[in-house]
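Thanks for coming. I have one structure to go through today, and I will keep to a handful of local features.

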Amino acid sequence: MNKPRILWTDDEIDLLRAHIIFLEEKGYEVDTANNGSDAIEKVKTEFYDIIFLDENMPGLTGLETLTEIKAISPNIPVVMITKSEEENIMDEAVGSKIADYLIKPVNPKQILLSLKKNIDQKRLVTQKTTSGYQMQFGKIGMQINDRLNFDEWKDIYKKLVHWEIELSESDDSTMDEILAMQKDDANKAFFKFVKDHYIDWFTQDLDERPMLSPDIFKHRVFPHLDAGKKTMVLVIDNLRFDQWRMLSPVFNDYFRTDSEELYCGILPAATMYARNAMFSGLMPSEIEKLYPQLWDDDDNDGGKNKHEEELIIKQLSRFGRKESLYFEKVGGVKKERWVTDNLNNIMANDLSVMVVNFVDMISHARTEMDMIRELANNEKAYRSITLSWFQNSSLFELLRSLAENDIKIIVTTDHGSIRVSNPVKVIGDRETNTNLRYKLGKNLNFKSKNVFEVRDPRKIFLPSRNVSTSYIFASNTDFFAYPNNYNYYANYYKNTFQHGGISMEELIIPVITLSSKNR
């Protein structure tokens, strides 16, 4: 292994011989220069892992030398060392993207710490992350095998997401497979938990069961309206908790997080069911019964969400609420004044609801387009695309503008998604729907034991086409495939992101309350 190379530039470099010997004994190779011009020439011809740079030198100053070095090698970390404690010099150095700032006299331990922060940090963080997960592995495994309630499942999922993100940022891939196996075990146990308890939740009060999709407005939105707060509900379709964790630091620059919670989406974990349930405050069969004109059957053309604004109005009306409503569904090309118009409309109304479909569009595009499949070829890449989209979106621009106003923002979703890998054969008639994670129809035939079958949809408040309609839900990373052209479809959909079934990723989903930091 090559020794890390340091260039130390100081007009009194001879006085630093003891420091240099100390670093060489620690395994570093140290090259020196006693002025800025020599340092610049060395950077042109040699490779260095880090540069220590004296700020106050004859000829070119440290700041001038820094500018030249960054023009030659913009990514090399530079540590500024100076006798001066003047704030303007610190500001200039920091503004020039230095890696660290040390005040003379420096001792060898300070130098060593700066080296570890800047060139050994990745390795040290990787070691710490790996050992941290190794210590937690057994504890999480024991929890998974316990008889858990939904709050405990939320805790396990949070831990798994935490370690998944941490390990994905490290250079050591040895633990990735172990984490994937533990996540697989957790999803198998979570499927059994849902299968055993889901039907019972509809006979229980909220303090005895998880918060479900129809509860969100009543319990997380209306209280802010009752307090006289303008409130915006931002529904990012298909947003998983791990994707939210990637977005949250960007939100934190402008908003204070009042609460970060997880709730349970309903089955099927699909847009037409879960989002309509959220907006109406009702389960799907209740929507069909009370507002038949606002419910379209699930068919081979996919989800039906044409009446979302009307369903929100119906929910407000049922609770006797008089707040003014602004509704916007975001998709496709934005108009020129999109941000300004939306900002004005949001601030002119008591309640605003915005649906953003980008994450769901990426999920579907990944299935259908080779280029997107390559860009989002794993979980880390899928999170990265989500973050990149958000940081460069008109939505982010709108939210920054909203941060200047006194408004509560609820960020949530209708369901998540999971990357599927295991095809399961199912036989149905022509009217069976096309979703890969759940099926509804007559005489559904399957052999897998890892399927949740509901023969009486009324028990889970789902519509029935006829008396013999049943629903089946896939577990873990399974997806349903028909025997016809089985191998083709099994290979085509393998490793794509799907939703509608039972997994932590699909059903344990975020609802976050934010307030502006400027208020």
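Predicted model: local features only at pLDDT ≥ 70, side-chain atom pairs only at ≥ 80, totals over all residues.

β15 pairs with β16, residues 469-474, in the antiparallel sense, over four bridges. To place yourself on the screen, find V454, whose bridge partner in β16 is Y471.

Next, a pair of helices. α17 covers residues 379-391 and α18 covers residues 394-402; their axes are 6 Å apart and the packing angle is about 55°. At that angle, α17 is oblique to α18. Which residues meet there? From α17 we have W389, F390 and Q391, and from α18 we have L395, F396 and L399. By type, five residues of this contact are nonpolar, one is polar and none is charged.

You will find D237 in the loop between β6, residues 231-236, and α10, residues 241-252. Is D237 buried or exposed? Its relative accessibility is 2%, so D237 counts as buried. The cut-off for buried is under 20%. What does the side chain of D237 make a polar contact with? The partner is the side chain of H415, at 3.3 Å. Leaving out residues up to four places away in sequence, D237 touches T271, R275, V356, N357, V359, D360, T413, D414 and H415.

That leaves the loops, and I will begin with backbone geometry. Most peptide bonds are trans, and most residues other than glycine have a negative phi. Here are some exceptions.

One runs from K104 to P105, with omega near -5°. P105 sits in the loop between β5, residues 100-103, and α5, residues 108-118. Another joins L267 and P268, with omega about -10°. For P268, the loop is the one between β7, residues 255-264, and α11, residues 271-280.

Then positive phi. N443 has a phi near 55°, a positive value in a residue other than glycine. This residue is in the loop between β13 and β14, the latter being residues 445-446. N443 counts as exposed because its relative accessibility is 67%.

F461 also has a positive phi, near 55°. Back at the sheet, F461 lies in the loop between β15 and β16. How exposed is F461? At 25% relative accessibility, F461 counts as partly exposed.

N75 counts as exposed, at 73% relative accessibility. Along the chain, N75 and K97 are 22 residues apart, and their C-alpha atoms are separated by 9.6 Å.

To go back over two of these: D237 is buried, and N75 is exposed. That is what I had, so let us take questions.

Conventions. Residues numbered from 1 in each chain as written. Heavy atoms only, no water. Buried < 20%, exposed > 50% of the residue type's maximum accessible area, 1.4 Å probe, protein only. Axes fitted to C-alpha atoms, helices over the stretch in contact; angles between N-to-C directions. Helix = DSSP H or I, 4+ residues; strand = E, 2+ residues; numbered from the N terminus. Parallel < 35°, antiparallel > 145°, perpendicular 65-115°, else oblique. Contact = heavy atoms within 4.5 Å. Nonpolar A, V, L, I, M, F, W, Y, C, P; charged D, E, K, R; others polar. Pairing = 2+ DSSP bridges. Polar contact = N/O pair within 3.5 Å; in protein donor to acceptor, adjacent residues only side chain to side chain.
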